Amino acid sequence: MLYAQSIVSGLLIGGVYGLIAVGLSTVFGVMKIINFAHGTIMMVGMFVVYYAWRALGVTPYVSLLFVVPLLFLFGVAVQLVLVERVIDAPPDQQLILTMGLSLFLLGGAQLLWGADFRTVDVPYGNAAFDLAGVSVSVPRLVAFVAAGALAGGLFWLLRRTDLGRSIRAVAEQPDAAAAVGINLPWTRALTFGIATGCVGVAGTLLTPFYYVTPQVGEPFTLIAFVVVALGGLGNPAGAFVGGLLVGAIEGLGGALLPGSTKQLLIFIVFLLVLVVRPQGLFGRRVAL
Amino acid sequence: MSVRYRRRAVPLAIGLVTVLALAACGGEAGDSSDASPDEIEIGSIGPFTGPNAALGEQWRNGVTLAVEEINAAGGIKSLGGAKLKVLEGDHTGKPEVGASQTERVVQDGAVAVLGALESGVTLVSSQVTERQGVPYIVPLSSSTEVTSRGFKRLFRIIEGSDAGARTAASQLKELTAEHGLSAQRIAVIHEDSTFGTSIGTNTEKALKEQGLNVVTRMPYNAESADLTPEVSKLKAMNPDILVMSSYYNDAALILRAMQQLDFNVNAIFGVRVGPFTDPKFHQQMGAVSDYVFNSDVGMDEVSERGKAISATYQKRFDRPLAVLALYPYVSVYVLADALERAGSTDKEKLTEALRATSITDMPLAAGAIKFDDAGNNTGGLSVLSQAVGGKLSVVFPAEYAVAEPTLPVPAWKQR
C-alpha cells in the first residue's frame, strides 16, 4: 500500500514534470537552445497567479485565462528580442544568455516581491479522496489530467496543423524551411511562446497545492533536464512520458531509500538509459 | 559540447582566473590595525539568494538594523567613533561559494566575519577565517561540529544542537505528560544536510535518554520538489508525535503533504525549524502551519528591549521580527562590544576581547552571553513556541512564556 501511495503521488507530480519538460524539449528540438530560464519563467507565472488570487480573489484555475497568454507573449518577446540574436552563435553564448535571463528574473523577483514563501490558500488545495486505500489529491489529479491533455494537444498541433508542420520543418532543416517560404524568426518565436505557455500552465496547476517563492522553479528545472535527456532531446512526447517515469521512480525512491539517496534511483535509471540508449528512451525521430 | 565550445572555453577560463587573481591582490592595500580608522569593515556571509534566500533576507535585516543603530549612537567610541561598515558575501547555499566569499571579504579588510546561517556552509567558511586569524561569529548554525573542531577564533551565539536537542526532548516529555498526550511512538524526520542531520541524530539520542520510544528517524532531501512519498511512509508507521528539523520549502511541503494525506499526530514538534519561529511563515501558510510547536532559541518578548526592537524592526522592514533576524542583530552588538573593549581592530586583541564577552542586556530568551573555550555561548537556551491562528507565542518555560500551549491539536479535517 505504501508503495502504491508513493507511486501514485509520484505519477501525479510526474505529469507536471512532464509538462515542464515538454516545453524545454520543444525549444531544444527546434532552436537547439537549452533554456535555463525555463523554471524561472514558470515562477513568474506563479507569481501572477498568486497576486491575481491575493489582490482580486481569482482562483488559480481561472488565472489560466490570462497567465497562459501572458507567458506566451513573454516567450515570443524573449525569442524575438533576445534569443534570436544568438540563434547562430556558439552554444556557450546561448547558455550565457538563457542563464543570464534566469538570473535576471530570479533577482528581479526577489527584489520586487522578496524571498518569502507564499501559498495560495484555496479550499480545494488540500482536497483528497480515497481510492482503494490510496489517497489521491484532487488538485494534483487535476494537474496530471490537464498536463496530459495539454501535452496531447501539443503533439496534435505539431503533427496535424500547418503551424506544427512549419515548426517541424524549422527543426529539421532551417535553410530548406526558409527556402519554401517559412518565416524562421516568427516560427521560432511562436515555438518559444508555446513552450513558455506550457510552463505557465504547469506553474498555474502547481499553485493550489504548492508554494510560491522566487526559487520555486529551480528543483523543477533540474528535474526537467533529466527528464528531457531521458525522453530523448527534442522529443516532446518522450519528455512527457519521461516526466511520468521520473515522478514514479522518485516517489518509489522516497519510500525505499533514505534522504537524498532517493535521487540515486533516478540517476541509476538515467545512467542505464545513457549507456543502453544514448539517444534517450524514445529517440529523436518520433515527434519533432 | 562542440569542439568550438571547448576551444573558446580555455581562453575564457584563463581570463576569469586572471581577473580573480587581480581582484584578490587589490584588497591587500587598505589594511590598518592600530590607528583609529573612519570605518570598520565587518563581513556578513549569508544565503542572500538561492534556496534559503528567505532566511538570508532576515539575516541581512538583522545585521543592517544593528549596524544602523550602533552607527547612529556614535559608532565605536574607543576607536574615535569609527562607523561599522558591512561587507556582504552571498554564498547562495553552497559551501564552496561560502569559502570564496569569506576569502573575499577578509581580503577586502573585514576585521571579523559573521557567518553563515547553514551549518554546512559555516563549517567551510569558518575554516578560512581561522586560517587567516580573523574572528568568526556564528549567530545561527547549531551543528555540534561547528564548535568541536578546536578553533580558537570562533564564537557561537546560538545554543549547539546537542544541548538544544536535550532541551527539546525534555520539553516534549514534559508537555505530553502535562497534557496527558500519548508519546509512545515518536517519529523523527529531518533534512539531511549538516544542520538537519546534527539536530536529528542528537534529538533521537536525547529522546531515548528521556526513556521515550523513537519508531523511526528519517532523513530526507530538503531540495526535493515533492515530499509526499516520504510523508506517506511516515504515516504508514503510525506515529503519535512527529519531531521534525527542516528549512523553509521542505517544512512547507511536509505540512501540506500531511494535510493532503490526512495524517494526524498528537503534536508536530519542530526542533530548530527556522520557519516555525518566523511569524511571517505562519501568516502565509495560514491553517496549514497552525498548532505546530517549535523548540528553538527565542526572543525575550517580555522584556522592554525585546518589545522595542520588535516594534522598530516591524516599522523598518514591514515584517515581524524573527529569531532569524534577532541572532544576527545580537551578533553585531557582541562584535561592537568587543571592538569597544579592545579599542583596536587588531585580530589578536579583538579575539581576546570576544573571549571575555559578558553581555546581559540583549533581548534573548537565554542567559548572559559568555563563551567557553570551544566558543559555545554558555548562556544559550531553547524555548518552546507554538503558532495558533497564525500567531506565534512562546509557551514554555514560564519565565518567557506569553501564552499557554493549545492542546490537544484538532485533526486536519476539523480545522
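**Close-ups of a predicted two-chain model**

**View 1. Helix α6 of chain B is largely enclosed by the rest of the structure, since 12 of its 16 residues are buried.** Buried here means 20 or more other C-beta atoms within 10 Å of the residue's own, with C-beta atoms placed from the backbone; helices (H or I, at least four residues) and strands (E, at least two) are DSSP runs, numbered from the N terminus. This is a predicted model, where local features need pLDDT of at least 70 and side-chain atom pairs count only at pLDDT 80 or more, while totals for chains, interfaces and linings use all residues. Residues are numbered from 1 along each chain as its sequence is written, and chains are lettered from A and ligands numbered from 1 in the order in which they are written.

**View 2. Here's what α6(B) packs against.** Its buried residues, including B:Phe195, B:Ile199 and B:Leu207, pack against α4, α5, β6, β7, β8 and β9 of chain B. Just after α6(B), B:Gly211 takes a positive phi of about 80°.

**View 3. Two domains of chain B meet.** Domain 1 (27–159 + 303–355) and domain 2 (162–296 + 383–414) have bounds from an automatic or database domain assignment. Between them, 18 residues of domain 1 are in contact with 20 of domain 2 (contact: C-beta atoms, placed from the backbone, within 7 Å). On the domain 1 side, α4(B) gives the most, with three residues.

**View 4. Chain A touches chain B.** Here 39 residues of chain A are in contact with 40 residues of chain B. On the chain A side, the largest share, six residues, comes from α1(A).
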